[in-house]
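Here is a quick report on one model, to read with the sequence and the 3D view open. Have a look at it before going on.

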Amino acid sequence: MFFCLQIVLAFALLSVVSWAQFHPSEPAKYQRLPSLRDQARILDEWKDERVARIPQLLERYGVDAWLMSQREHAEDPIWWSIKNATDFAAHRRTVVLFLANPLPQQTNPVVWVDNTGKVWGELLDILEASDPQKIVLNVDHNIAFSGGLHVGEFEVLQAELGSKWKERFVNQPMIGIEYVATRVRSQLEYYRMLQETTWAMIAEAFSEAVIKPEITTTENHPRVSVVTPESFPGWQGTQDVIQEGDILHVDYGITAMGMNTDVQHMAYVLRAGETDAPQGLKDGIRKANRMQDIILSEMRAGRSGNAVLQGSLAQMKVEGLEGQIYCHPIGDYGHAPGAVMGSPAGFTNLPVNVPVLGDLPLLPETYYSIELYAYSFVPERNETLRFRLEENAYWVDEERGWEFVYGRQEMLHLVGKTPPSLLLQN
Ligand SMILES: *[C@@H]1O[C@H](CO)[C@@H](O)[C@H](O)[C@H]1NC(C)=O
Ligand SMILES: *[C@@H]1O[C@H](CO)[C@@H](O)[C@H](O)[C@H]1NC(C)=O
């Protein structure tokens with residue numbers, strides 16, 4: 001599940017941080033991102049590196065060209081992942097053509113911003129010269145990132161290009177999915193900063209600096225809730241006044257530098273005299289952590305989301321764990337393109353097999369959000385609760401598969417304990 005809060009953390013030049021120093025058991029700190037001018041340069045470098053891989057991507061899927069046409073404010077979703085950092089929108093009619101084998105002296109993509117119709121003659125000349133046999137259009141019926149060609153633009157393309165080229169139009173949904181989902185290595189350093197900032201915000205929110213029992217409410221956007229056996233709130237969260245002894249949950253993420261985080265943590269509000277959470281709550285977190293381990297160990301590039309899901313559920317059964325899994329890709333979007341493992345986005349109605357998105361293969365060089373809950377009986381409260389955690393994982397390599405970008409929650413945030421001095425780093 002995903003909420004995004006647009007933040008701009010752009011105050012100063014990047015202070016270079018050595019990640020080797022990091023350990024998530026140290027308090028997370030707010031991270032400063034580069035200035036907007038420097039961010040634009042960095043985003044364009046990432047975009048150039050990604051775009052440079054498109055010819056290979058087309059070849060791998062046995063197609064020769066990828067053609068998009070869109071108008072300002074009705075952009076193909078792919079546009080947002082190929083645009084220059086300082087572009088706001090696709091102006092007028094913007095036509096984009098990628099070729100697996102670009103002609104000499106030609107840019108790849110060829111981009112036309114057109115309001116005279118001149119584009120069509122020039123596009124036909126390039127098609128005649130390069131003679132692509134299979135031209136991918138984004139016309140998929142089910143997948144957003146492969147189905148972004150508006151019907152009006154589709155009709156215009158057919159009319160302007162004529163039957164020779166129309167017959168070469170194909171749907172290959174993996175092109176859009178893989179292009180948007182694939183990360184470049186240099187994004188990781190910044191993604192880690194976004195993760196740490198997300199953690200720092202949660203740690204501050206789930207502390208006595210913010211929460212005053214019997215006064216502070218959970219009403220908030222993004223969603224905060226008091227955890228009870230009944231509550232599994234949708235987008236709205238719950239509307240409670242927080243009390244001592246409450247268990248809190250948040251589902252929260254940020255958007256910056258063209259990337260998104262999506263994190264769920266839990267907290268315990270200490271009662272007077274308590275210094276730690278009841279053991280039953282710690283046991284619940286441990287079960288959710290074990291589910292995370294199981295899912296990460298089942299994830300392999302090329303395996304379908306449903307296969308990972310079913311493998312994980314089978315292993316949970318062996319270990320006597322109960323709960324639900326609803327993981328999704330994350331990156332350019334909070335819910336990025338590609339294989340889901342379970343049914344995320346607040347729609348946990350397909351717990352063991354998700355058609356279409358669950359049948360897609362996991363892709364290497366991508367990020368996934370590991371989102372789940374474990375049921376656990378809490379003897380101190382005589383009730384079974386959902387322990388809901390979410391952390392974001394990156395692809396390390398073939399051998400290690402995916403690991404958490406920043407870390408994972410293993411201990412509840414304790415409201416009423418953290419020395420305020422820990423909350424004021426910046
Ligand atoms: C990005 O800017 C370059 C240089 O101005 C231009 O050639 C290219 O077409 C632009 N890319 C897109 C997708 O508009
Ligand atoms: C625990 O809860 C169950 C109902 O869920 C109830 O039947 C039982 O009496 C409770 N036990 C205690 C010790 O309160």
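## Ground rules

This is a predicted model, where local features need pLDDT of at least 70, side-chain atom pairs count only at pLDDT 80 or more, and totals for chains, interfaces and linings use all residues. Residues are numbered from 1 along each chain as its sequence is written, chains are lettered from A and ligands numbered from 1 in the order in which they are written, and side-chain values use heavy atoms, with hydrogens and water left out.

## Around ligand 1

Trp79, Ile82, Asn84, Asp87 and Val111 surround ligand 1 (each has a heavy atom within 4 Å of it). Sorted by class, that shell holds three nonpolar residues, one polar and one charged.

Asn84 puts a polar side-chain atom 2.3 Å from an oxygen atom of ligand 1 (a polar contact is a pair of N or O atoms within 3.5 Å). On its own, ligand 1 has 360 Å² of accessible area, and the protein covers 49% of that (Shrake-Rupley, 1.4 Å probe).

## Two helix pairs

Helices here are DSSP runs of H or I with at least four residues, and strands are E runs of at least two. The crossing is right-handed.

For α8 (residues 279-298) and α9 (residues 305-318), the axes come within 9 Å and cross at roughly 135°. That pair is therefore oblique, and its crossing is right-handed too.

## Backbone details

Most residues other than glycine have a negative phi, and most peptide bonds are trans. The bond joining Asn108 and Pro109 is cis, with omega about 10°; Pro109 sits in the loop between β3 (93-99) and β4 (110-114).

Val356 has a positive phi, near 65°. Its place is the loop between β12 (341-342) and β13 (367-378).

Notes
A polar contact is a pair of N or O atoms within 3.5 Å; within protein, one must be able to donate a hydrogen and the other to accept it, and residues adjacent in sequence count only if both atoms are side-chain atoms. Ala, Val, Leu, Ile, Met, Phe, Trp, Tyr, Cys and Pro count as nonpolar, Asp, Glu, Lys and Arg as charged, and the others, Gly among them, as polar. Axes are lines fitted to C-alpha atoms, for helices over the stretch in contact, and angles run from 0 to 180 degrees between N-to-C directions. Angles under 35 degrees count as roughly parallel, over 145 as roughly antiparallel, 65 to 115 as roughly perpendicular and the rest as oblique. A crossing is left-handed if the near helix is turned anticlockwise from the far one by less than a right angle, and right-handed if clockwise.
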